[in-house]
Amino acid sequence: MLLIRGIALYLDRTYVKQAPNVRSLWDMGLQLFRKHLSLSPEVEHKTVTGLLRMIQSERLGEAVDRTLLNHLLKMFTALGIYAESFEKPFLECTSEFYAAEGMKFMQQSDVPDYLKHVETRLHEEHERCVLYLDACTRKPLIATAEKQLLERHISAILDKGFMMLMDGHRIEDLQRMYTLFSRVNALESLRQALSSYIRRTGQGIVMDEEKDKDMVSSLLEFKASLDTIWEESYSKNDAFCNTIKDAFEHLINLRQNRPAELIAKFLDEKLRAGNKGTSEEELEGTLDKVLVLFRFIQGKDVFEAFYKKDLAKRLLLGKSASIDAEKSMISKLKTECGSQFTNKLEGMFKDIELSKEINESFKQSSQARTKLPSGIELSVHVLTTGYWPTYPPMDVRLPHELNVYQDIFKEFYLSKYSGRRLMWQNSLGHCVLKAEFPKGKKELAVSLFQTVVLMLFNDAERLSFQDIKDSTGIEDKELRRTLQSLACGKVRVLQKMPKGRDVEDDDSFVFNDVFTAPLYRIKVNAIQMKETVEENTSTTERVFQDRQYQVDAAIVRIMKTRKVLSHTLLITELFQQLKFPIKPADLKKRIESLIDREYLERDKNNPQIYNYLA
Amino acid sequence: MPRTSKRKAAPPSSASVKSSDSLSVRPGKAGAVKAVTKEVDRIDQLFDSYANKDLGLIDPEGVETLCSDMGVQHTDVRILMLAWKLKAKKQGYFSKDEWRTGLKALKVDNLEKLKKALPTLETEVMTPPNFEDFYAYAFKYCLTEEMQKCVDVETICELLNLVLGSQFCAQVDSITEYLKFQSDYRVLTMDQWVNFYRFCHEISFPDLHNYDSDQAWPLILDSFVEWLREKRK
């Protein structure tokens with residue numbers, strides 16, 4: 001046709017332009033061709049089927065004459081029958097083809113392969129459009145392919161492969177899934193799958209009581225892996241970030257209190273001295289990560305209670321790895337929860353620092369220099385009640401020298417700060433003793449109770465359990481533990497007769513004069529009261545006590561603004577305001593207590609309604 | 001509200017009985033004022049015949065004498081109702097003012113009339129708004145100490161029996177059984193007391209189908225219902 005037009009170019013240019021009723025040669029040719037083609041539909045039909053067959057075989061991987069395809073389709077376009085005659089059957093055919101393929105592949109191959117396949121398919125279709133299809137076909141074509149290959153299989157893909165991909169941490173495959181799913185608007189289902197995955201896996205970690213020890217570190221690992229997946233596979237999608245957060249909050253609060261306690265314990269382990277091998281930066285990093293978990297916890301007060309208890313131990317026994325790390329942790333908590341939360345914790349640090357000063361000035365004071373028995377040095381931590389956890393007072397009859405010392409210090413302290421009351425917490429004291437064994441001089445680092453027991457042996461060779469008990473006045477159980485640590489532990493300063501692990505009533509003890517040890521300074525480990533169950537429950541109970549006031553305050557706050565409120569609404573509002581898990585029955589109890597104390601009353605006419613009594 | 005004081009033989013003075021026999025209120029224009037003062041006199045006489053002269057009050061002993069003269073037990077609910085009507089503040093005592101206003105309201109001025117007034121009083125108490133007031137009064141009447149706000153469980157059980165026993169026998173039996181069984185509460189508050197009545201009044205018993213612990217019932221009733229349901233299983 002080009003040829004014809006070339007020959008008759010002059011005609012086309014001069015005559016046709018001037019004669020309005022005559023079409024250009026090109027148009028005329030097209031029209032004629034169309035007319036003939038429409039006269040013989042079987043030709044058209046044949047061409048189309050031919051085309052479709054060619055495309056199909058290309059899809060199946062055979063090489064075809066793309067130029068031919070290109071020309072034919074250009075012809076269709078030129079004739080204006082592209083959309084009608086070709087595009088429609090083509091799309092139908094595509095749909096059928098991919099429907100079948102999708103079904104087949106879903107059954108045959110596993111999810112990552114399937115996704116890879118889908119990706120290549122979509123790419124191919126795209127190329128096809130560029131190479132020989134009309135540009136306007138691209139959208140419907142890709143949509144058809146996506147629909148058949150992806151949309152219909154979303155849930156199957158998620159069911160079959162999502163867990164596996166997450167467990168295997170397969171970032172690339174997950175990313176592929178994410179991009180493909182985002183094409184068909186299926187991110188919502190992906191998000192849900194993610195959420196339920198986190199919940200399921202997290203539940204496994206949190207609910208497994210036997211693995212309590214590793215819970216925090218497992219959770220940290222889990223969170224870290226989720227974070228990388230989120231960054232690399234989910235292109236930092238905000239919705240997904242929230243999903244992860246929500247799911248974590250949910251799972252960490254599945255078990256009341258225990259996770260909070262374990263996080264506190266975990267931090268204790270990290271902050272305690274003897275945790276060598278981690279550099280400051282690493283420690284900082286861990287702290288930050290733990291803080292993320294902490295953020296999810298609803299029972300922050302439980303955390304505080306346990307953290308405080310452990311912190312007290314670290315500070316008093318000088319076991320803290322680094323004061324800087326401690327302080328940075330506190331400041332982190334402060335930014336997280338406000339100064340109210342860390343008030344007491346900071347107070348503890350202040351006490352320790354103040355105590356240092358007091359000890360200094362005590363040593364300089366005249367009282368100390370003139371009156372003190374020689375040979376003993378004393379350092380005192382003065383702790384503010386209220387900041388520190390409460391310790392049960394333990395009685396002990398101190399040796400005379402120590403008593404004198406205590407009294408002098410007391411005198412000194414009270415002369416400096418009159419009106420205060422000092423109470424000695426004997427159970428927290430620890431000492432360094434100089435001991436002369438026949439086989440060499442040693443220094444023993446022991447607890448105050450151990451000291452008291454050992455000093456008895458200054459004057460005696462052999463003492464019975466009862467003797468020791470009478471002269472020290474230490475409480476029975478505590479004394480047994482103390483003796484056990486001295487005579488049955490690793491370092492045996494005393495010998496027990498008869499030998500055995502447990503201390504019985506009629507045992508007696510002898511100074512061990514064949515004691516040897518490679519080191520000069522020896523630490524005799526006190527047998528730690530292994531975080532007794534009672535101690536644990538008492539901490540938890542105290543937390544609940546504190547919560548009562550919070551509940552009361554919340555009820556009064558709400559009622560003060562509302563004046564009149566129905567029971568159900570009050571309960572709902574309370575659940576929103578209170579940050580920790582609580583049972584409705586507990587709330588009722590507090591409401592009743594407030595009724596009793598005449599903050600509230602039940603409405604005379606409708607008992608479901610409370611009135612605020614100003 | 002059991003009274004433990006021993007009953008002392010204190011026969012009513014014959015004078016008061018006589019006077020009450022011989023006198024009756026004669027309505028009439030001229031005699032009206034006189035009649036009123038006379039009525040007050042008679043009420044006072046009746047009061048004096050039971051009062052402890054030193055205290056100027058009818059004390060527990062006087063109350064017991066009064067009861068026996070009327071032929072009712074001092075633990076009878078009607079005595080509690082009388083106390084309610086008299087607005088008696090202190091358990092076991094009637095002051096002169098309480099006595100005067102109360103008896104005037106009852107329109108009685110002698111023992112016989114008082115005795116006859118008791119059934120009427122009972123019907124008065126049993127009408128709804130009065131009963132609620134009476135019910136709450138019964139609790140307050142048991143607060144014998146200054147600043148006392150709670151009543152111990154045993155007294156509550158007896159009191160429940162006394163005031164609700166006739167109307168809600170089954171409920172009262174269950175509740176008292178539960179109160180004796182549980183160990184969480186040793187004393188009960190006014191709020192809990194009031195809600196017992198609400199419970200008896202509103203909750204279908206014994207199936208409890210309309211009880212919902214999400215409503216504002218006090219915790220003790222929640223646990224009571226739970227206990228009851230558990231027991232049924």
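These legends walk you through close-up views of a predicted model. Residues are numbered from 1 along each chain as written, with chains lettered from A. Because the model is predicted, local features need pLDDT of at least 70, side-chain atom pairs count only at pLDDT 80 or more, and totals for chains use all residues.

**View 1. Chain A as a whole.** Chain A has 26 helices and nine strands; these are DSSP runs numbered from the N terminus (helices H or I, at least four residues; strands E, at least two). Of the 614 residues, 44% are buried, meaning under 20% relative accessible area with a 1.4 Å probe and protein chains only.

**View 2. A three-stranded open sheet in chain A.** The strand order is 3-5-4, with antiparallel pairing; two strands pair if DSSP finds at least two bridges between them. Strand 3 (462–464) and strand 4 (494–497) of chain A are the edge strands, each pairing on one side only. On average, neighbouring strands are turned by 25° against each other, direction ignored.

**View 3. Strand 3 beside strand 5 in chain A.** Three bridges join strand 3 to strand 5 (residues 508–511) in the antiparallel sense. Here you can find A:Leu463 opposite A:Phe509.

**View 4. Two helices at the sheet in chain A.** Helix 22 (residues 465–472) lies across strand 3 and strand 5, running at about 85° to strand 3. Helix 23 (residues 476–487) packs on the sheet and touches strand 4 and strand 5, its direction making about 110° with that of strand 4. Contact means heavy atoms within 4.5 Å; axes are lines fitted to C-alpha atoms, for helices over the stretch in contact, and angles run from 0 to 180 degrees between N-to-C directions.

Technical notes
Heavy atoms only, no water. Buried < 20%, exposed > 50% of the residue type's maximum accessible area, 1.4 Å probe, protein only.
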